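User: Hello! I am new to this structure and would like a friendly walk through its main features. Could we take it step by step?

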Amino acid sequence: MVGAKYTAIDYHVHTKIITNWSLRFPMPTGFVTRTLPYPCERLFDIAADIEAYPAYLPGWVEARIIERSDTHLLVRQQLGLRLLRQSFSSRATLERPRRISVYAEDGPFRELTIEWRFEAAAASQCRVCLL
């Protein structure tokens, strides 16, 4: 559970912004950009906390980190909608606080690539792009 790690503002960012970008079937293509009133480091940390996804992303049943380093994560995840559940592994490359690149290694997706980009904007703001 996310619990003590995050403040109410972090939960607001999780549910208001990131939930709007949750994965749906069929896989979406394109990008979304938002400028948010938070430092890029904070938003990067929220997006990189993949194990917390099931707490606020609809359809995300499980996310477990198998391997972790300062720059890479190997994650086993499970998505589910009612009776349908699919597991897959993904590898994330972390370039704090500028970029997170995620690639599916197996599972139901022919190709799954997600990239988060974080750019400093006006004072204490961050432009977040999800590709």
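User: Which residue does a disulfide join to Cys40?

Analyst: Happy to start there, with a word on the source: this is a predicted model, where local features need pLDDT of at least 70, side-chain atom pairs count only at pLDDT 80 or more, and totals for chains, interfaces and linings use all residues. Residues are numbered from 1 along each chain as its sequence is written, and side-chain values use heavy atoms, with hydrogens and water left out. A disulfide here is a pair of cysteine sulfur atoms within 2.5 Å. At an S to S distance of 2.2 Å, the partner of Cys40 is Cys126.

User: How many residues apart are Cys40 and Cys126?

Analyst: Helices (H or I, at least four residues) and strands (E, at least two) are DSSP runs, numbered from the N terminus. Cys40 lies in helix H2 and Cys126 in strand S7. The pair links distant parts of the chain, and the separation is 86 residues.

User: Is Cys126 buried or exposed?

Analyst: Buried means under 20% relative accessible area, exposed over 50%, and partly exposed in between (1.4 Å probe, protein chains only). With a relative accessibility of 0%, Cys126 is buried.

User: In what order do the elements of the protein chain run?

Analyst: The chain has 3 helices and 7 strands. Reading from the N terminus on, the order is α-β-α-α-β-β-β-β-β-β.

User: Which residues have the most contacts inside the largest nonpolar core?

Analyst: A nonpolar core is a set of buried Ala, Val, Leu, Ile, Met, Phe, Trp, Tyr and Cys residues joined through side-chain atoms within 4.5 Å. The largest one here has 31 residues. Those with the most contacts inside this core are Ile100, Trp116 and Phe118.

User: Which element gives the most to this core?

Analyst: Several elements supply at least two residues each, including helix H3 (53–56), strand S4 (84–95) and strand S6 (113–120). The top contributor gives 5 residues, and that is H2.

User: Which residues of the chain is Ile100 in contact with, leaving aside its neighbours within four places in sequence?

Analyst: Contact means heavy atoms within 4.5 Å. Among the partners of Ile100 are Phe44, Ala47 and Ala48.

User: What share of the residues in the protein chain is buried?

Analyst: The chain has 131 residues in total. Cys129, at 14% relative accessibility, is one that counts as buried. Over the protein chain, the buried share is 40%.
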